[in-house]
Every structure is written in C-alpha cells, then in structure tokens.
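Dear colleague,

Please find the structure below, followed by a summary of what was found in it. I would be grateful if you would read the two side by side.

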Amino acid sequence: MACAKAYSIHALFAFFLVLAGAGPIQTENAPGVPPTEIKFGQTIALSGPASAYGVVGRAAAAYFRMINEQGGVHGRRLNFLDVDDAYNPPRTVEQTRRLVEQEGVAFVFNGLGTASRLAVRDYLNENKVPQLFSAASSLSAPQSRVLRSA
C-alpha cells in the first residue's frame, strides 16, 4: 500500500509539472476550466468498508490547498471536490453524476476500486469527462472463462 501511495503522489506531481509547463490553457469550451480555476472532483471511500483509503483523498486535498497557497496553476485556483462514495458502486454513480452534471468538473481524479470505476466508465466516456489516476485492478469487464478438462 505504501508503494501505491508513493506512486499516486509521484504521478500527481508529474501531471501538475506537465500542466504547469504547458503554457496557456485553451478553455473556450472546456467545462470546469473558467479563467480563474480548474474544477475537478473525486469519489472515494470516506466511509464504508474501504474508508481507510479516505486518507488518500485527504492527502490530495491538502496537496491541492498547498498548490493554491502558492498561486495555483498559471494563476488558476484548483477547486478540488472530494465526495464520499462509501466504496459502493451505485453511490459512485450517483456522486459522479453530481460532479459532472451539477458541479461541472473538468475531470474525475483518483477514483478507487474496480467495481466503482467500471460503474462510471461508460457514463464518463459518453460525457467526455476524463478519469485520471484511477486505482483499480482492471478497467475491463470480466470475461467469461470456460475451464476444460483434458
């Protein structure tokens, strides 16, 4: 688990380094990216059976606060919305729809769990909302397996 946390922190840091060096962001038609902020969200287990992973969401929120205290990214404040899905796929769908339809996020960040990620994958793809740094063992639907004896 410590390795996964370190990987997530390094991947996030690399993403923002690339973003910071990318120059002006073209945002004419980009939802969640008005001239003053970058709005994005995460569904994560802040309660329920996997609530221990909620610390990942709290660490990300603290990191984004630090970035904001240092002036944001190209002057844009990071507006990070962290919502509880209780590690429950139907709740993940509900909270993801809220982030996209009501909050207007530019992307969904750091989701947790294969079942939860699969539950929202098609919806996010249809709405052209990127998923960044999902933590899942697989993002493909399980295949039927037939065991044959010789």
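Thr43 counts as buried because its relative accessibility is 0%; buried means under 20% relative accessible area, exposed over 50%, and partly exposed in between (1.4 Å probe, protein chains only). Please note that this is a predicted model, in which local features need pLDDT of at least 70, side-chain atom pairs count only at pLDDT 80 or more, and totals for chains, interfaces and linings use all residues. Residues are numbered from 1 along each chain as its sequence is written, and side-chain values use heavy atoms, with hydrogens and water left out.

Surroundings of Thr43

Thr43 belongs to strand S1, residues 37-44. Helices (H or I, at least four residues) and strands (E, at least two) are DSSP runs, numbered from the N terminus. The side chain of Thr43 makes a polar contact with the side chain of Arg117 at 2.9 Å. A polar contact is a pair of N or O atoms within 3.5 Å; within protein, one must be able to donate a hydrogen and the other to accept it, and residues adjacent in sequence count only if both atoms are side-chain atoms. Leaving aside neighbours within four places in sequence, the residues in contact with Thr43 (heavy atoms within 4.5 Å) include Val83, Asp85, Thr92, Leu99 and Arg117.

Nonpolar cores

A nonpolar core is a set of buried Ala, Val, Leu, Ile, Met, Phe, Trp, Tyr and Cys residues joined through side-chain atoms within 4.5 Å. The largest one has 13 residues, and those with the most contacts inside it are Ile38, Phe40, Phe64, Leu78, Phe80, Phe107 and Phe109. S1, helix H2 (54-69) and strand S2 (77-84) each supply at least two residues of this core, and its largest share, 4 residues, comes from H2. Another core, of 10 residues, lies apart from it and has Leu99, Val100, Val105 and Tyr123 among its members.

Salt bridges

The whole structure holds 5 salt bridges, each a side-chain nitrogen of Lys or Arg within 4 Å of a carboxyl oxygen of Asp or Glu. One of them joins the side chains of Arg77 and Glu37 (3.4 Å, N to O). Arg77 lies in strand S2 and Glu37 in strand S1, so this pair ties together parts that are 40 residues apart in sequence. Arg77 is partly exposed at 43% relative accessibility, whereas Glu37 is buried at 15%. Asp122 forms a salt bridge with Arg121, with the closest N and O atoms 3.8 Å apart.

Yours sincerely
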